[in-house]
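Welcome! Have a look at the model first, then read on.

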Amino acid sequence: MPLLPGLNLGGNPSAAGMAGAALSPLQACVDMAHARLLIVAILAGICFFGLAVRLIDVSVWHSVEESDSSAAGEAGTGRADIVDRNGTPLASSLPTVSLYADPAQVLNPGEAATKLATVLKDIDKPRLMEDMKSRRRFVWVRRHLTPRQYEAINALGIPGLFFQKDSRRVYPSGTLAAHVLGYTGIDDDGLSGVEKGMDHDLRTRTTALPLALDLRIQHILREELSSAMNQFHALGAAGVVMDVNTGEVLGMVSLPDFDPNAPESASDNARFNRASLGVYEMGSTFKTFTIAAALDRGIIKMADRFDATKAITSGRFRISDFHPENRWLTVPEIYLHSSNIGAARIGLKLGAEAMSQFLTDLRLLNALDLELPESGVPMVPRQWKDLTLMTVSFGHGIAVTALQLCAAISAVVNGGTYHSPTLLKLDHPPMAERVISSKVSNQMRKLMRLVVTEGTAKAANAAGYVVGGKTGTAEKLGVGGYNKNARLSSFVGIFPAHAPRYVVFAMLDEPKGIKETAGFATGGWVAAPMAGRVVSRVAPLMGIVPVADDDAVVKEMLAIDPALYQDSRHE
């Protein structure tokens, strides 16, 4: 009886095993088909992957590579917001749509240009037609369309036109902080101000960048500067409010200014930053540094007297006083009456080496390291001869920026330590370097208060806020020398003088005297009252509690022996 295949009844086991292990012709064919299908599937997958990569290359990377340089940066990469110290938005990037063309897909360039001109009224039709006839595969037509433009162009249905997501930088406060913020280009790259100085950080950070700026203070400062500039018909103005204990810039204004939302419409004069880039001879404000340096080095004492009976002549140069006292003056009187002669004599006694070293310590001989590129380089003497030393002692022959002056004054009055100015909000106390003793710092506060109560800056007094300060009036350089009819009039003040927290600076460029000032346009007449108004408005915002003008404790802290000075007889 024949056996069924695979059935073993106890015969030869090896024969049965071989029969079970052998593959039938049908099974072999099935296995070979499976293997071939697997190979085909793998090859197909590789092909499809290659096609996908090529598609991405052609549709994205290739078009970007062939685009104009203006399209080189990928649109919509994002840029961090900028806010003031209280979180108020100053700069932000909003999503927009931009229009580009692939000339190879534009069927009729002339017709396309004509249709686009019905929506984009200011477009250059001949230029657009030439671009659409080019062999490039990517041509920008218009960046940052308005919603209405987007809808209208989309409705035209022109072949070869495409939209791309984009972003545009906007500045909600308009002109208010223009020179601090700066502006960006069409591809969101920073071109000036903090936008340029902090460009890399703004491109990479994921949170808003907080500035030291307080928009409320910025508004007050700009409003008062603008009012004074108009009142005295000045060419320009600059102002700063700085924290004397940190170097934080709470307000910085330069006039005229511009709208960073439309920087292309601004003149070069409007874009120029008078507060951080412009360097100026600061006049009598520099007497603060001359006296502080001499006191700190023990070269003079407050009671010392200097001959101011007549002008000092050096060759063809003559150093005189605007309002001469024609007598010997004590140190407080030299500061109070703003005597150029007295300051020059103190400078000679101090010496060139000590003077230049002190100004170096105050960072007045080199450009500041700021968070914006517009940082002016001081104009300093090449040689410190006696005549140069004397003129620098009262603020001529050396030119610095407003920010440099404010930082240096802060160091003189805050107890004697220098803090680098910063436009960024600080989270912790900054590093500081001692430049004078706390004793001398206290003496300088007394002198600055004396100028406001008895001297050239009486108009800067803000009731309750104990203002101290120094006026400055410097003739501008012109062809062949100084122009007596073109002045820079300024005031630098501190408040409250008995425990300084802030410095305020105000300057007008070529102010004109008016009837209300009896024709005068010096710092005491035009800049001091402006600064006083700023203080009276800013101090309450900063939580400074007013004190009575006759407060015994404050008067004792700022008292100077009356025997060391006489009442001012001018301004």
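Arg 79 has a relative accessibility of 7%, so Arg 79 counts as buried (buried means under 20% relative accessible area, exposed over 50%, partly exposed in between, with a 1.4 Å probe and protein chains only). This is a predicted model, in which local features need pLDDT of at least 70 and side-chain atom pairs count only at pLDDT 80 or more, while totals for chains, interfaces and linings use all residues. Residues are numbered from 1 along each chain as its sequence is written, and side-chain values use heavy atoms, leaving out hydrogens and water.

**Partners of Arg 79**
- Arg 79 forms a salt bridge with Glu 195, with 3.0 Å between the closest N and O atoms (a salt bridge is a side-chain nitrogen of Lys or Arg within 4 Å of a carboxyl oxygen of Asp or Glu).
- Glu 195 lies in helix H7 and Arg 79 in the loop between helix H2 and strand E1, so the pair ties together parts 116 residues apart in sequence (helices, H or I, at least four residues, and strands, E, at least two, are DSSP runs numbered from the N terminus).
- Asp 199 also forms a salt bridge with Arg 79, the closest N and O atoms being 2.9 Å apart.
- Asp 199 counts as buried because its relative accessibility is 17%.

- Arg 169 meets Glu 195 in a salt bridge of 2.8 Å, N to O.
- This pair links strand E4 with helix H7, 26 residues apart.
- Arg 169, at 5% relative accessibility, counts as buried, and so does Glu 195 at 0%.

**The wider picture**
- A network of salt bridges links Arg 79, Arg 169, Glu 195, Asp 199 and Arg 203.
- The whole structure holds 26 salt bridges.
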